[in-house]
Amino acid sequence: MRELILLRHAHAEPAQAGQSDLDRPLSPDGHAEAEAAARWLAGRRLAPDCVVCSPARRTRETLETVLSVLGYVDQRLDERIYEATPGTLAALLDGYREVDRLLMVGHNPGLERLVALLNSGQSSQFRGMPPAGIAVLEFGAEGPVEPGGATLSAFWWP
């Protein structure tokens, strides 16, 4: 993997009585944030080769909006992303080493801690990742996804 793009889902509606957290849709603001994220990615020509996404409704809706701007790419839903630790996410990413530019759409605190882990080597060094926030990480060498093995090249939020 040469580049990893991490995208946190945009703002979601609060859960309704009896509604599963997995079923929460994006709010109107969330749809606008997802579109802004898509335009930012498109403006920097950061179209992914492959996407791995949490199965939660809000992540899927964020991804649908992004891909409506960037165009279709290979997509995979992976339930391990939902409520994942940075270690779980890093292990998942290790299975995508053959992908040149991967986009992962997921949740906090996993994503913000993953950024810190891959960049500084310590997941406690996180600084936050707002809804629809994007972190772009570059990997210097082929090999396993390891702590401190990437450089944060861009960070954006709406």
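**Ground rules**

I am working with a predicted model, where local features need pLDDT of at least 70, side-chain atom pairs count only at pLDDT 80 or more, and totals for chains, interfaces and linings use all residues. Residues are numbered from 1 along each chain as its sequence is written, and side-chain values use heavy atoms, with hydrogens and water left out.

I checked the accessibility of R39 and got a relative accessible area of 48%, so R39 is partly exposed. My cut-offs: buried is under 20% relative accessible area, exposed is over 50%, and partly exposed is in between, with a 1.4 Å probe and protein chains only. I also took the C-alpha to C-alpha distance from R39 to S20, which is 30 Å for a separation of 19 residues in sequence.

Next I went to T65, which has its place in helix α2, residues 57-70. T65 counts as buried because its relative accessibility is 14%. Leaving out residues up to four places away in sequence, I found that T65 touches H31, A34, E35 and A38. Contact means heavy atoms within 4.5 Å.

**Entry: salt bridges**

How many salt bridges does a search of the whole structure find? I got 10, taking a salt bridge as a side-chain nitrogen of Lys or Arg within 4 Å of a carboxyl oxygen of Asp or Glu.

I opened D100 and R2, whose side chains meet in a salt bridge at 3.2 Å, N to O. This pair links distant parts of the chain, 98 residues apart: D100 is in the loop between α3 (86-94) and β4 (101-106), and R2 is in the segment before β1 (3-8). D100 is partly exposed at 37% relative accessibility, and R2 is partly exposed at 38%.

Then I looked at R101 and E3, where the salt bridge spans 2.6 Å, N to O. R101 lies in strand β4 and E3 in strand β1, so this pair ties together parts 98 residues apart in sequence. I noted R101 as buried at 13% relative accessible area, and E3 as buried at 5%.

D21 is partly exposed at 30%, while R24 is buried at 17%. I also noted one network, in which salt bridges that share partners join R2, E3, D100 and R101.

**Entry: the sheet**

In what order do the 6 strands form the open sheet? I read off β3-β2-β4-β1-β5-β6, with mixed pairing. β3 (74-77) and β6 stand at the edges with a single partner strand each, so one side of each has no neighbour in the sheet. Neighbouring strands are turned by 20° against each other on average, direction ignored. Two strands pair if DSSP finds at least two bridges between them.

I followed β5 (residues 134-139) in more detail and found 5 of its 6 residues buried. β1 and β5 run antiparallel and are joined by 5 bridges. Across that pairing, E3 has E138 as its bridge partner in β5, and I5 stands opposite V136. β5 also runs antiparallel to strand β6 (residues 150-156), with 6 bridges between them. There, E138 stands opposite T151 in β6.

**Entry: helix α3**

I saw α3 lying across β1, β2 (50-53) and β4, running at about 145° to β4. Axes are lines fitted to C-alpha atoms, for helices over the stretch in contact, and angles run from 0 to 180 degrees between N-to-C directions.

How do α3 and α4 stand to each other, roughly parallel or roughly perpendicular? The axes of α3 and helix α4 (residues 110-120) come within 8 Å and cross at roughly 70°. The two helices are therefore roughly perpendicular, given that angles under 35 degrees count as roughly parallel, over 145 as roughly antiparallel, 65 to 115 as roughly perpendicular and the rest as oblique.

I listed the residues that meet: P86, L89, A90 and L93 in α3, with G110, L111, R113, L114, L117 and L118 in α4. They divide into 8 nonpolar, 1 polar and 1 charged. In this count Ala, Val, Leu, Ile, Met, Phe, Trp, Tyr, Cys and Pro are nonpolar, Asp, Glu, Lys and Arg are charged, and the others, Gly among them, are polar.

Notes:
Helix = DSSP H or I, 4+ residues; strand = E, 2+ residues; numbered from the N terminus.
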